[in-house]
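Please open the model in your viewer and keep the sequence panel beside it. The stops below are given in the order in which to select them.

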Amino acid sequence: MTLQELWELFPIVLTEHKACWAEYYAKEQARLKDLLPEGAVVNHIGSTAVKGIWAKPIVDILVEVGGNLQDIAAILQDNGYTKMSEEQNRISLNMGYTVNGFAEKVFHLHLRRVGDHDEIYFRDYLIAHPDIAKEYEKLKLGLWKKYEHDRDGYTRQKSEFVRKYTDVAKENKSSV
(Lines give C-alpha, C1' and ligand atoms only; values in the text may rest on other atoms or scores of the structure.)
Protein backbone atom coordinates (compact mmCIF):
# COMPACT_ATOMS: atom_id res chain seq x y z
CA MET A 1 0.00 0.00 0.00
CA THR A 2 1.37 3.42 -0.92
CA LEU A 3 1.62 6.27 1.55
CA GLN A 4 -1.18 8.06 -0.30
CA GLU A 5 -3.41 4.98 -0.02
CA LEU A 6 -2.67 4.79 3.70
CA TRP A 7 -3.58 8.45 4.16
CA GLU A 8 -6.84 7.88 2.27
CA LEU A 9 -7.71 4.92 4.51
CA PHE A 10 -6.58 6.73 7.68
CA PRO A 11 -7.37 10.43 7.18
CA ILE A 12 -6.99 13.21 9.72
CA VAL A 13 -10.28 13.30 11.62
CA LEU A 14 -11.00 15.73 14.44
CA THR A 15 -13.83 15.45 16.93
CA GLU A 16 -15.01 17.14 20.09
CA HIS A 17 -13.35 15.95 23.28
CA LYS A 18 -14.74 12.63 24.54
CA ALA A 19 -14.61 11.44 28.16
CA CYS A 20 -14.02 7.87 26.95
CA TRP A 21 -10.47 8.79 25.90
CA ALA A 22 -9.38 9.00 29.54
CA GLU A 23 -10.98 5.59 30.15
CA TYR A 24 -9.27 4.08 27.09
CA TYR A 25 -5.96 5.45 28.33
CA ALA A 26 -6.43 4.18 31.90
CA LYS A 27 -7.19 0.64 30.72
CA GLU A 28 -4.27 0.63 28.29
CA GLN A 29 -1.94 2.12 30.90
CA ALA A 30 -2.80 -0.72 33.31
CA ARG A 31 -2.18 -3.28 30.56
CA LEU A 32 1.13 -1.67 29.65
CA LYS A 33 2.28 -1.61 33.28
CA ASP A 34 1.82 -5.41 33.32
CA LEU A 35 3.78 -5.83 30.06
CA LEU A 36 6.62 -3.37 30.50
CA PRO A 37 9.72 -3.63 32.67
CA GLU A 38 9.62 -2.15 36.15
CA GLY A 39 10.43 1.54 36.09
CA ALA A 40 8.75 2.25 32.76
CA VAL A 41 6.92 5.57 32.89
CA VAL A 42 3.60 5.71 31.02
CA ASN A 43 1.85 9.03 30.25
CA HIS A 44 -1.24 10.14 28.34
CA ILE A 45 -0.12 12.86 25.92
CA GLY A 46 -1.59 14.66 22.92
CA SER A 47 -4.87 16.46 22.57
CA THR A 48 -6.98 13.57 23.89
CA ALA A 49 -5.30 14.29 27.24
CA VAL A 50 -6.50 17.93 27.21
CA LYS A 51 -10.16 18.28 28.17
CA GLY A 52 -12.26 20.69 26.17
CA ILE A 53 -10.45 20.74 22.84
CA TRP A 54 -11.07 18.92 19.61
CA ALA A 55 -8.66 16.10 18.83
CA LYS A 56 -7.97 13.20 16.54
CA PRO A 57 -9.70 10.26 18.26
CA ILE A 58 -6.34 8.59 18.78
CA VAL A 59 -4.98 8.18 22.31
CA ASP A 60 -1.30 9.10 22.35
CA ILE A 61 0.80 7.35 24.97
CA LEU A 62 4.38 8.19 25.85
CA VAL A 63 6.40 5.35 27.37
CA GLU A 64 9.82 6.17 28.81
CA VAL A 65 12.13 3.25 29.54
CA GLY A 66 15.71 2.68 30.56
CA GLY A 67 16.12 -0.66 28.82
CA ASN A 68 16.74 -1.68 25.23
CA LEU A 69 14.10 0.00 23.05
CA GLN A 70 14.08 -2.79 20.46
CA ASP A 71 13.47 -5.45 23.13
CA ILE A 72 10.61 -3.44 24.60
CA ALA A 73 9.16 -2.76 21.14
CA ALA A 74 9.19 -6.52 20.54
CA ILE A 75 7.14 -7.05 23.71
CA LEU A 76 4.65 -4.44 22.53
CA GLN A 77 4.47 -6.00 19.08
CA ASP A 78 3.79 -9.40 20.65
CA ASN A 79 0.84 -7.74 22.41
CA GLY A 80 -1.00 -6.07 19.54
CA TYR A 81 1.10 -3.04 18.58
CA THR A 82 2.57 -2.48 15.12
CA LYS A 83 5.90 -0.72 14.71
CA MET A 84 5.46 2.29 12.44
CA SER A 85 8.84 4.00 12.58
CA GLU A 86 12.17 3.86 14.32
CA GLU A 87 14.87 6.44 14.91
CA GLN A 88 18.00 6.10 17.03
CA ASN A 89 16.30 6.60 20.41
CA ARG A 90 12.63 6.65 19.45
CA ILE A 91 10.20 4.01 18.24
CA SER A 92 6.60 4.72 17.23
CA LEU A 93 4.01 1.98 17.43
CA ASN A 94 0.26 1.92 16.99
CA MET A 95 -2.76 -0.23 17.59
CA GLY A 96 -6.25 0.08 16.17
CA TYR A 97 -5.48 0.42 12.49
CA THR A 98 -7.35 -2.23 10.50
CA VAL A 99 -7.63 -3.12 6.80
CA ASN A 100 -11.00 -1.33 6.86
CA GLY A 101 -9.81 1.83 8.62
CA PHE A 102 -9.69 2.85 12.26
CA ALA A 103 -10.94 0.55 15.02
CA GLU A 104 -13.08 1.94 17.86
CA LYS A 105 -9.98 2.35 20.05
CA VAL A 106 -6.81 3.65 18.42
CA PHE A 107 -3.49 4.17 20.18
CA HIS A 108 -0.20 5.74 19.14
CA LEU A 109 2.59 4.69 21.46
CA HIS A 110 5.79 6.75 21.52
CA LEU A 111 8.60 4.64 23.00
CA ARG A 112 11.46 6.75 24.31
CA ARG A 113 14.42 6.85 26.64
CA VAL A 114 13.81 8.22 30.14
CA GLY A 115 13.78 12.03 30.04
CA ASP A 116 12.77 12.35 26.36
CA HIS A 117 9.33 13.78 27.07
CA ASP A 118 8.78 17.28 25.68
CA GLU A 119 5.19 16.27 24.93
CA ILE A 120 4.47 16.25 28.66
CA TYR A 121 5.54 19.89 28.96
CA PHE A 122 3.24 20.81 26.07
CA ARG A 123 0.30 18.80 27.45
CA ASP A 124 0.67 20.30 30.92
CA TYR A 125 0.95 23.82 29.51
CA LEU A 126 -2.27 23.41 27.51
CA ILE A 127 -4.08 22.05 30.56
CA ALA A 128 -2.88 24.96 32.70
CA HIS A 129 -3.65 27.56 29.99
CA PRO A 130 -7.09 26.88 28.46
CA ASP A 131 -6.81 30.00 26.28
CA ILE A 132 -3.67 28.60 24.61
CA ALA A 133 -5.36 25.19 24.32
CA LYS A 134 -8.21 26.88 22.44
CA GLU A 135 -5.67 28.60 20.14
CA TYR A 136 -4.18 25.18 19.44
CA GLU A 137 -7.63 23.78 18.73
CA LYS A 138 -8.34 26.66 16.33
CA LEU A 139 -5.04 26.00 14.51
CA LYS A 140 -5.84 22.30 14.15
CA LEU A 141 -9.39 22.93 12.95
CA GLY A 142 -8.01 25.36 10.36
CA LEU A 143 -5.55 22.75 9.07
CA TRP A 144 -7.89 19.77 9.18
CA LYS A 145 -9.52 19.73 5.75
CA LYS A 146 -6.48 21.08 3.89
CA TYR A 147 -4.30 18.28 5.32
CA GLU A 148 -6.96 15.60 5.79
CA HIS A 149 -4.96 13.15 3.67
CA ASP A 150 -1.47 14.44 4.50
CA ARG A 151 -0.58 13.55 8.08
CA ASP A 152 3.02 14.73 7.68
CA GLY A 153 1.90 18.12 6.36
CA TYR A 154 -0.63 18.48 9.18
CA THR A 155 2.04 17.75 11.78
CA ARG A 156 4.56 20.07 10.12
CA GLN A 157 2.08 22.96 10.14
CA LYS A 158 1.51 22.55 13.90
CA SER A 159 5.17 22.19 14.84
CA GLU A 160 6.01 25.90 15.29
CA PHE A 161 3.09 26.35 17.72
CA VAL A 162 3.98 23.18 19.60
CA ARG A 163 7.67 24.11 19.85
CA LYS A 164 6.87 27.64 21.01
CA TYR A 165 4.68 26.55 23.91
CA THR A 166 6.86 23.58 24.80
CA ASP A 167 9.76 26.00 25.17
CA VAL A 168 7.63 28.38 27.27
CA ALA A 169 6.57 25.49 29.50
CA LYS A 170 10.14 24.28 29.95
CA GLU A 171 11.31 27.80 30.76
CA ASN A 172 8.51 28.19 33.31
CA LYS A 173 9.48 24.88 34.95
CA SER A 174 13.13 25.89 35.23
CA SER A 175 12.29 29.27 36.79
CA VAL A 176 10.07 27.78 39.50
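In which helix does Asp-124 lie? Asp-124 lies in helix H4, where helices (H or I, at least four residues) and strands (E, at least two) are DSSP runs numbered from the N terminus. Before going further, note that this is a predicted model, in which local features need pLDDT of at least 70 and side-chain atom pairs count only at pLDDT 80 or more, while totals for chains, interfaces and linings use all residues. Residues are numbered from 1 along each chain as its sequence is written, and side-chain values use heavy atoms, with hydrogens and water left out.

**Stop one: helix H4**

Select Asp-124 and show its side chain: at 30% relative accessibility it counts as partly exposed, given that buried means under 20% relative accessible area, exposed over 50%, and partly exposed in between (1.4 Å probe, protein chains only). The side chain of Asp-124 is joined to that of Arg-123 by a polar contact of 2.8 Å; a polar contact is a pair of N or O atoms within 3.5 Å, of which, within protein, one must be able to donate a hydrogen and the other to accept it, and residues adjacent in sequence count only if both atoms are side-chain atoms. If you then select Glu-86, 38 residues from Asp-124 in sequence, the two C-alpha atoms are 26 Å apart in space.

Now widen the selection to the buried residues of H4, which are Ile-120, Phe-122, Arg-123, Tyr-125 and Leu-126. What covers these buried residues includes E1, strand E2 (59–65), H5 and H6.

**Stop two: from H4 to H5**

Select helix H4 (residues 118–128) together with H5, and look along the pair: they pack at an angle of about 115°, with their axes 5 Å apart. Axes here are lines fitted to C-alpha atoms, for helices over the stretch in contact, and angles run from 0 to 180 degrees between N-to-C directions. H4 and H5 are therefore roughly perpendicular to each other, since angles under 35 degrees count as roughly parallel, over 145 as roughly antiparallel, 65 to 115 as roughly perpendicular and the rest as oblique. On the H4 side, Phe-122, Tyr-125, Leu-126, Ile-127 and Ala-128 meet Pro-130, Ile-132, Ala-133 and Tyr-136 of H5, contact meaning heavy atoms within 4.5 Å. By class, the residues of this contact are nine nonpolar, no polar and no charged, where Ala, Val, Leu, Ile, Met, Phe, Trp, Tyr, Cys and Pro count as nonpolar, Asp, Glu, Lys and Arg as charged, and the others, Gly among them, as polar.

From H4 the contact is made by Asp-118, Tyr-121, Phe-122 and Tyr-125, and from H6 by residues including Phe-161, Val-162, Thr-166 and Ala-169. This contact of H4 with H6 has eight nonpolar, two polar and four charged residues.

Among the residues making the contact are Ile-132, Tyr-136 and Leu-143 of H5 and Tyr-154, Phe-161 and Tyr-165 of H6. The contact of H5 with H6 divides into nine nonpolar, one polar and three charged residues.

**Stop four: two buried strand residues**

Select Ile-45, which is found in strand E1 (residues 41–45) and is buried, with a relative accessible area of 2%. Not counting residues up to four places away in sequence, Ile-45 touches Asp-60, Ile-61, Leu-62, His-110, Glu-119, Ile-120 and Arg-123.

Move on to His-108, in strand E5 (residues 101–113), which at 16% relative accessibility counts as buried. Its side chain makes a polar contact of 2.5 Å with the side chain of Tyr-97. Leaving aside neighbours within four places in sequence, the residues in contact with His-108 include Ile-58, Val-59, Leu-93, Asn-94 and Arg-151.

**Last stop: Leu-35**

Finish at Leu-35, found in helix H2 (residues 20–35) and partly exposed, with a relative accessible area of 22%. Beyond its neighbours within four places in sequence, Leu-35 is in contact with Ile-75 and Asn-79; Leu-35 and Ile-75 are 40 residues apart in sequence and 7.3 Å apart in space, C-alpha to C-alpha.
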